[in-house]
Amino acid sequence: MRRIAAVPLSVLACAVMALTACKRTEAPADAAPPTVAASADAPAASGDAAVAANDNLNAVLWMQRSQEYRAITEQTYRAAADRLDAALKEAHWDALVPEERGNEAKGLKPAVVLDVDETVLDNSPYQARLVRDGKEYDEMTWDQWVAEKKAKAIPGVVDFAKAANARGVTLLYISNRAVHLKDATLANLRAEGLPVADDSVFLGLGTVVEGCEQAGSEKNCRRRLAGQNYRVVMQFGDQLGDFVEVTANTNDGRDALLQQYHDWFGERWWMLPNPTYGGFEPAQFNNDYSQSRQARHDAKRAALDYAP
């Protein structure tokens, strides 16, 4: 889970116009949202703690206790497994957007790219602790959680991963967990039954990709790196930024990306549900985590549609 400072709306607004047809929070922003920033807030007052609990209590509870959540994740991975053979047989099938495919994919070894947090590993206990303690994500408590190696596999992912591995598909884990968390992450993945070919399949935040400049926690450079050696037949994530670079984390910018790649979902791209964090949240308050909790809470309430 990692939150990276996002660019304010004044800069991002221009970038929305740059989206083209050829053209994603893993940390508690993608493993938290890849597009959000670590909070520098002082310890919460009781009022602030109540706001934090109200904002995320039901979301975390839903992920941990609802049968509906498990049904959604299992059906997603089952549907993807059903499509896998067809994707492998199609020589030109590629799940990387053209801008991130710098070489011919045909003839390369097949791979599946998976985000880690809330896509492969369930970090809801960490989120539950934040709700209980009235706190927000920070790198120190996140690193401590990862070191515990207690995250469980998302329902359905192990069966899919084993099916892909049996077909000669390499699983690549492109995560916004920082590179220094690699050993703990791979140990957790192996303990949960996920295939891990070797250490090179973990591409964490901080991975250096020659000739590619990464913006914040965006994963485009690491996807390019994956494409140099593999034909990526599918991608899995819980954030738009897990699939394509989000150049403008605004409601309009995110809507444009979804519309642009609408047909890729359920074919090349597979989205997992995550209501607890993500780029959708800071998009409501100008990606500005320096605001107080109350101000961010108020901005999110103001973004609600009341059907007047």
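In which helix is V157 found? In this predicted model, where local features need pLDDT of at least 70, side-chain atom pairs count only at pLDDT 80 or more, and totals for chains, interfaces and linings use all residues, V157 is found in helix 6. Residues are numbered from 1 along each chain as its sequence is written, and side-chain values use heavy atoms, with hydrogens and water left out.

The secondary structure of the chain comes to 10 helices and 7 strands, helices being DSSP runs of H or I with at least four residues and strands runs of E with at least two, numbered from the N terminus. Of the 308 residues in the chain, 51% are buried (under 20% relative accessible area, with a 1.4 Å probe and protein chains only).

V157 counts as buried because its relative accessibility is 0%. Leaving aside neighbours within four places in sequence, V157 is in contact with Y77, L114, T119, V120 and L194, contact meaning heavy atoms within 4.5 Å. The C-alpha atoms of V157 and T119 are separated by 8.1 Å, although the two residues lie 38 residues apart along the chain.

The axes of helix 3 (residues 67-89) and helix 6 (residues 157-166) come within 9 Å and cross at roughly 15 degrees, the axes being lines fitted to C-alpha atoms over the stretch in contact, with angles from 0 to 180 degrees between N-to-C directions. Helix 3 and helix 6 are therefore roughly parallel to each other (angles under 35 degrees). Their contact is made by Y77, A80, A81 and L84 of helix 3 together with V157, F160 and A164 of helix 6.

Notes: Parallel < 35°, antiparallel > 145°, perpendicular 65-115°, else oblique. Buried < 20%, exposed > 50% of the residue type's maximum accessible area, 1.4 Å probe, protein only.
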